[in-house]
Amino acid sequence: MRATILETTRQPLRIATLPDPSAGSGELLIRVEACGVCHADVSVADGDWPIGLPRVLGHEIVGTVAAVGPGVEGFAVGERVATGWQHGSCGQCRECRNGLPMLCTGGLTVTGSDVDGGFAELVLAEAAFTVAVPDGLDPAEAAPLTCVGVTAFAALRRAGALVGSHVGVLGLGGMGHLAIQFAAASGMEVLALSRDPAKESQARELGATDFAVFDRDHEPESAEGSLDLLLVTGIDTTTVGAALRLLRPEGRLVVLGFGEPFSVDPADLCNGAKTVMGSLVGTPDDLADTLAFAARHGIRARVETGALEQVNDALDRVRRGLVRYRAVLLP
Ligand SMILES: [Zn+2]
Ligand SMILES: [Zn+2]
């Protein structure tokens with residue numbers, strides 16, 4: 001199979017021909033149709049998160065089942081499936097036993113970091129972390145749903161957002177543009193927050209009911225105390241402390257990106273009894289529901305696509321923040 005390999009951090013990935021993998025017990029071999037390029041791939045390629053090398057990166061995968069490993073039921077060759085950031089979990093720890101495998105403390109494995117990922121023609125996935133893709137979803141537009149999409153979707157659920165809730169989405173990148181669509185389609189009032197005023201029309205087109213410029217120098221006074229929930233979707237987390245002031249009493253701020261450390265004024269937290277929490281991807285059921293919801297409501301990632309050979313270009317565009325809204329490779 002053709003694949004791209006990270007051999008040395010901070011060096012371009014190399015296109016290579018590798019032996020086709022074969023599906024072991026509990027595994028599916030997936031022929032990759034589309035794999036999104038995530039900021040996490042850039043962090044790995046740049047050596048920010050050390051992993052064993054060489055490695056095939058990529059963890060936002062939609063493809064068709066090429067082979068079904070021993071012991072796997074419920075999947076057929078040729079069926080379209082999706083798998084994401086989480087490759088596997090220990091299955092034994094308290095979190096796994098309680099149905100929260102993405103919080104596994106006994107041996108969580110990550111696609112494209114701990115095992116080879118989807119910047120290749122073929123990839124192995126654990127069947128337990130693979131779900132069917134409903135009809136009507138384009139592979140390229142669905143691939144980002146397996147990482148940033150399910151992250152936003154599950155965060156809305158876990159933070160208790162309801163129909164009519166006032167939800168803020170800070171950051172209008174790959175995750176933010178999906179978060180707006182999910183919240184709007186769920187009947188929430190959505191305030192899009194970006195440092196770039198030029199993003200307003202795009203945010204409204206995605207379903208935002210309101211828009212405000214928000215960065216270190218701009219705090220929208222009119223939005224203060226207006227939000228039940230605020231999703232911080234980008235990797236710029238430096239404004240979290242100020243963003244707390246946008247919450248209503250008992251509001252929740254959910255951090256979804258691995259950004260810079262931030263500080264919070266305890267008074268902004270205690271006055272109004274507010275919560276700062278994190279959320280990490282979602283369960284396989286969350287992923288299945290994300291895809292089903294997207295298919296039903298016409299939610300899709302806005303993507304720019306390229307061939308496998310363009311992987312280094314794509315990584316560089318993500319690194320420089322030039323992608324609107326998601327880069328996706330089509331192996
Ligand atoms: Zn990702
Ligand atoms: Zn576990």
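Trainee: Fine. What should I know before reading any numbers?

Mentor: This is a predicted model: local features need pLDDT of at least 70, side-chain atom pairs count only at pLDDT 80 or more, and totals for chains, interfaces and linings use all residues. Residues are numbered from 1 along each chain as its sequence is written, while chains are lettered from A and ligands numbered from 1 in the order in which they are written.

Trainee: How many helices and strands does the protein have?

Mentor: There are 10 helices and 17 strands. Both are DSSP runs numbered from the N terminus: helices are H or I with at least four residues, strands are E with at least two.

Trainee: And why call it as compact as a globular protein of that length?

Mentor: Its radius of gyration is 19 Å, close to the 20 Å that the globule rule gives for 331 residues, so the protein is as compact as a globular protein of that length. The radius is taken over C-alpha atoms, and the rule is 2.2 Å times the number of residues to the power 0.38. The C-alpha trace spans about 60 × 40 × 35 Å along the principal axes.

Trainee: What share is buried?

Mentor: 49% of the 331 residues. Buried means 20 or more other C-beta atoms within 10 Å of the residue's own, exposed means 12 or fewer, and partly exposed is in between; C-beta atoms are placed from the backbone.

Trainee: Switching topic. Where are the domains?

Mentor: Domain 1 is 2-147 + 281-330, and domain 2 is 149-278. The bounds come from an automatic or database domain assignment. The C-alpha centres of the two domains lie 26 Å apart. Domain 1 brings 18 residues to the contact and domain 2 brings 13. Contact means C-beta atoms, placed from the backbone, within 7 Å.

Trainee: Which helix gives the largest share on the domain 1 side?

Mentor: Helix α9, residues 284-297, with five residues. That side has nine nonpolar, six polar and three charged residues. Ala, Val, Leu, Ile, Met, Phe, Trp, Tyr, Cys and Pro count as nonpolar, Asp, Glu, Lys and Arg as charged, and the others, Gly among them, as polar.

Trainee: How do α4 and α9 cross?

Mentor: The axes of α4 (residues 148-158) and α9 come within 9 Å and cross at roughly 100 degrees. The two helices are therefore roughly perpendicular. G149, V150, F153 and A154 of α4 make the contact with D286, L287, T290 and F293 of α9.

Trainee: Is α4 mostly covered or mostly open, and what does it pack against?

Mentor: Mostly covered: nine of its 11 residues are buried. Those buried residues pack against α5 (174-185), β13 (227-232), β14 (247-255) and α9.

Trainee: What follows α4?

Mentor: G160, whose phi is positive, near 80 degrees. A161 lies in the loop between α4 and β10 (166-170). A161 counts as buried because it has 22 C-beta neighbours inside 10 Å. Beyond four places in sequence, A161 touches L156, V167, A183, M188, D228 and L229.

Key. Contact = placed C-beta atoms within 7 Å. Axes fitted to C-alpha atoms, helices over the stretch in contact; angles between N-to-C directions. Parallel < 35°, antiparallel > 145°, perpendicular 65-115°, else oblique.
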